[in-house]
Amino acid sequence: MKYNEQTRRYFETAARAGVLSGPSVYRGAAGNREHGTWVQFDVQTASGILKEARFLAFGCPHTIAVAAWVAEQVLGQPVIRRLPDSVQAISLQFAVPVEKLGRLLIIEDAWLAALDSAITEA
Amino acid sequence: MNAAAMPVYLDHAATTPVDPRVAARMAEVLNSESEFGNPASGHDYGDTAGALIEAARAQVAAAVGACANEVVWTSGATEANNLAIFGVAQYYRDSGRHIITTRIEHKSVLDPCRELERRGWRISYLPPDGGGLVNPDQVAAALHPDTVLVSMVQVNNEIGVVQDIAAIGALCAKHGGARLHVDAAQSVGKCAVDFAALGVDLLSLSAHKAYGPKGAGALVVSQRGGARARVQLMPLQFGGGQERGLRAGTLATHQAVGMGMAFALAAGQLQEEFARIGQLQQRLWQGLSAIGGVLRNGNAQHSVPHLLNVSFEGVEGESLLAAVRPHLAVSTGSACTSSLAEPSFVLRALGRSERLSESSLRFGLGRSSSERDIDTAIAVLAREVARLRRIAGA
């Protein structure tokens, strides 16, 4: 399978892969490794702002790249229950084939679960 | 991309580079002012081309222990497999409509069998054991009075396991009506192939798996007499009567010459290469197994050393292939099916889980493979598997 430049770059660097610990850290996950895609986000908030984010991902290069991109894009953003861009826009940006759009929804679910946790517990 | 910038090539089971000596000889034929004739023409140009074809036919036959008059040229092993399966099925349709094959055949065997199934034939798909071997007893149990064909691969194209063809040949001979077709596309240059001694009726061959050109192959059709009648085939294409009426069409002299020379070279280098590749495979397996969470697919005691298929725990298959792609040319399975985002049906038949089947790589070692290539592969896999496991939190 061919990947566009942005997918390759985020897949290869996968910056912010990992977990967070400490105060004001919230976690959300979605998917299932046995089914091929699993994503987890950790976020750290302060005064309603996303100060730090990390991700773990078991999945295809698109899944890893988009999760890495999400974890990068949200830094400094207010804790609002949404992805940095629409699933449709992200799919175009990363040239995600239509048969893989479900994996973006798993990323969205994981991200929203992390934010729900932050919003509920904050 | 220039050759120096290309990744290490470890996909010789998909195809091999044409041996430079073969390419040079093919170019000579193509450029010759006297060898371009139609081999079927009744003049000096035709006779010259025809003599080249017959010399090449003898080379192919000698490489697999057959007689020259048993070799029928085809465009490759896929055509040979189709000709064998449909040819036997059509010719013997009034004798029986049962065929035995296995679940781990190449698609060019399985798809014709499925097509015959749609047309009313009964197909028995024998399951292999966890190591990829099909026990001859399974074949014996599956043989019925109306069985007309047993079709089995000799060297599996994904895991390199070698089946006990001689034992199955003996069973078919005892049965009497069941002809044995063997897909030997991966065999030449990797293991000894003795068409006559194995008791095989039909043998499919491919040139490009043995450093010959793509688009060339052969079906060896037994002309042995003896206790049972010679195998007969219904041709699939008509229009010229070439190849004893079994495969119409003007023969490609340069392709036949290339295949003949490639097979002669492969047979001559077999023992030396087998030992050298065996050492490289051992080095590769030791290095990969040291990564941890790496499982070998296929029975190592009954495999050619040219293929090594391994599953990596804790990594996703597509990401693994993408991660190694800048450095290594390997595949997840058969090149004929690896573009499909599905786990290998061969590994699934061996009992591997869907996840492990997806996270498997096939390493195809060949003449150009070196210790340096192997060490590069080990280093790349160690680094990328560790990285993907870290990203996955495994």
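Author: The terms are taken one at a time below. This is a predicted model, with local features needing pLDDT of at least 70 and side-chain atom pairs pLDDT 80 or more, while totals for chains, interfaces and linings use all residues. Residues count from 1 along each chain as its sequence is written, chains are lettered from A and ligands numbered from 1 in the order written, and side-chain values use heavy atoms, without hydrogens and water.

Reader: What makes residues of chain B count as in contact with chain A?

Author: Contact means heavy atoms within 4.5 Å. On that basis 15 residues of chain B are in contact with 22 residues of chain A.

Reader: How do you know how much area chain B and chain A bury?

Author: Buried area is the accessible area (1.4 Å probe) that two parts lose on being put together, summed over both. Here that comes to about 1,500 Å², with 52% of it on carbon and sulfur atoms. B:Glu318, B:Arg355 and B:Ile391 supply 39% of the area that chain B buries against chain A, more than any other three residues.

Reader: Why is the pair A:Lys100 and B:Glu318 called a salt bridge?

Author: The term requires a side-chain nitrogen of Lys or Arg within 4 Å of a carboxyl oxygen of Asp or Glu. The side chains of A:Lys100 and B:Glu318 meet at 2.6 Å, N to O. That is within 4 Å, so the pair qualifies. The count between chain B and chain A is 1 salt bridge.

Reader: Which elements of chain B give two or more residues to the side that touches chain A?

Author: They are α9 (317–324) and α12 (371–392). Helices here are DSSP runs (H or I, at least four residues), numbered from the N terminus. α12(B) gives the most, with 5 residues.

Reader: What makes a residue part of the lining of the largest cavity?

Author: A lining residue has an atom within 4 Å of a point. For the largest cavity, 16 residues qualify, and the closest to its centre are B:Gly189, B:Lys190, B:Tyr211, B:His306 and B:Arg367.

Reader: What is the volume of the second largest cavity, and which element gives the largest share of its lining?

Author: The second largest cavity has a volume of about 40 Å³. The largest share of its lining, 3 residues, comes from β10(B).

Key. 1 Å grid on protein atoms, 1.4 Å probe; cavity = no way out; pocket = protein on both sides within 12 Å on 5 of 7 lines; lining within 4 Å. Points joined across faces, edges and corners; volume = space filled by probe spheres on them.
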